Amino acid sequence: MIDELEEMLAEITGFAATSLQPNSGAAGEYTGLITIASYLESKDQRHRKVVLIPASAHGTNPASAVQAGFKPVTVASDAKGNVDMDDLRSKVEQYKDDLAAYMITYPSTHGIFETEIKEMCRLIHEAGGQVYMDGANMNAQVGFTNPGTIGADVCHLNLHKTFAIPHGGGGPGVGPVCVAEHLVPFLPGHPVSLPTDKNSVSAAAYGSAGVLEITYAYIRMMGADGLREATEAAILNANYLAEKLNDIYGIVYRGANGRVGHELILECRGLKEVSGITETDIAKRMIDYGYHAPTLSFPVHGTLMVEPTESECLVELDRFVDTMNQIHQEIIEVSRGEYSPEDNVLVNAPHPEYEVVGDEWNHAYPRSKAAYPLPFVAENKFWVNVARIDNAYGDRNLVSCLCQM
Ligand SMILES: *Cc1c(COP(=O)(O)O)cnc(C)c1O
């Protein structure tokens, strides 16, 4: 079954072979990069140490490059959120003798299918580098295109993002790497085989083997047509939200055809200017409506990045739109002076049950506005455990147990 899964993933990515050993996307990146390192070594090219990475990349890309012994160099984005091709050309020229690889996310974390993707791969190969395609956004490609088609050499997948393994809560994850023919000999070996465990990245030969059957069953049950349909739904859902939310928030980046890919970045900076309400306040207020906040201030500061995925139905998407509209309305109330900048439902969000049912209530707005902002919330309220916490304090002060102080 594991062999079959490896073959299915190789076919989906357009590559020759798969290693299921890495336990996360980041571990997949590391694995792909050490695979590239071994390949370069076999060609007497071990001096090649530079990995070019676009500014829009996920933070794990440069981190993995450093872990694998490479030197990351950033490539700028242009005003539309695409890789700045002039900067890429000049960096390739500057580093051509030391260029090991290019790490490119497609579609990008700006939610865009970059039209120059094939040209990017060609430039890198011409300079003697390898192309690593970060496949975390593969749910926008499956059944339509793949990293093999665009000319990449290696990619990782996140089975816990694109292939049905439950995502979140800390794992277990699976971040397989798929590679083109010339890299196959350098894939991870068996971690306990003797005498060598070359390039192994996990203590277990098949990493998080216990969850692989989820992906196997998912692919088998979906079939080629079903997988393609899931990709269509992921892209359609993102574009539906982009159209619905365009007028009140604005979408930061769009592709050449005016559409987004599988995700969209909601502009919140204009609202901040008129009301003082920040993207963090919006994210915290969403909890009162029962939503886990989307990605905050990444990859663009002062924004929210929303990825509805193929999993949400129209009713759920509309509920999300209603929520974002209502929150927008609440921000306007603050900007009009109906509520003060210090005491409004946004800066005080989220509102936990202990506060709402407490005997003391010193806010300018009623409890019902805090807790039941829309009828659907009252019908099935999710109560958050704690009120607003100091994020920065939490990040800077490690608390290693949950004991009572
Ligand atoms: C999630 C993600 C990763 C890292 O994957 P993990 O499984 O969280 O380690 C890398 N790149 C991109 C673009 C991602 O979205």
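## The cavities

Among the residues that line the largest cavity, 5 are nonpolar, 3 polar and 1 charged, where Ala, Val, Leu, Ile, Met, Phe, Trp, Tyr, Cys and Pro count as nonpolar, Asp, Glu, Lys and Arg as charged, and the others, Gly among them, as polar. This is a predicted model, in which local features need pLDDT of at least 70 and side-chain atom pairs count only at pLDDT 80 or more, while totals for chains, interfaces and linings use all residues. Residues are numbered from 1 along each chain as its sequence is written, and side-chain values use heavy atoms, with hydrogens and water left out.

The lining of the largest cavity consists of Asn139, Val142, Thr162, Phe163, Tyr218, Leu227, Ala230, Thr231 and Glu310, and the volume inside is about 60 Å³. A cavity is a set of points on a 1 Å grid over the protein atoms alone where a 1.4 Å probe fits but cannot get out, and lining residues have an atom within 4 Å of a point. Grid points are joined across faces, edges and corners, and a volume is the space filled by probe spheres set on them.

## The largest pocket

The largest pocket has a volume of about 1200 Å³, a pocket being an open set of points with protein on both sides within 12 Å along at least five of seven lines. Its lining has 41 residues, of which His167, Thr295, Glu307, Pro308 and Thr309 lie nearest its centre. By class, 16 of the lining residues are nonpolar, 17 polar and 8 charged, and at least two residues come from each of α2 (25-42), α7, β10 and α10 (314-335).

## An open sheet

Thr295, already met in the pocket lining, stands opposite Met305 in β10. Strand β10 (residues 303-306) runs antiparallel to β9, and 2 bridges join them; strands pair if DSSP finds at least two bridges between them. These strands belong to an open sheet of 3 strands, in the order β8-β10-β9 and with antiparallel pairing. Because β8 (264-267) and β9 (295-296) stand at the edges with a single partner strand each, one side of each has no neighbour in the sheet.

## The nonpolar cores

In soluble globular proteins, nonpolar side chains tend to be buried together. The largest nonpolar core here has 46 residues, and those with the most contacts inside it are Leu9, Leu52, Leu88, Leu159, Phe163 and Ile219. Such a core is a set of buried Ala, Val, Leu, Ile, Met, Phe, Trp, Tyr and Cys residues joined through side-chain atoms within 4.5 Å. Helix α7 gives the most to this core, with 6 residues. Apart from this core lies another, of 34 residues, among them Tyr249, Leu266, Val306 and Ala370.

## Ser64

Ser64, found in helix α3 (residues 60-67), is buried, with a relative accessible area of 5%; buried means under 20%, exposed over 50%, and partly exposed in between (1.4 Å probe, protein chains only). Not counting residues up to four places away in sequence, Ser64 touches Ala26, Glu29, Tyr30 and Leu33, where contact means heavy atoms within 4.5 Å. Ser64 and Tyr216 are 152 residues apart in sequence and 28 Å apart in space, C-alpha to C-alpha.

Definitions and conventions. Helix = DSSP H or I, 4+ residues; strand = E, 2+ residues; numbered from the N terminus.
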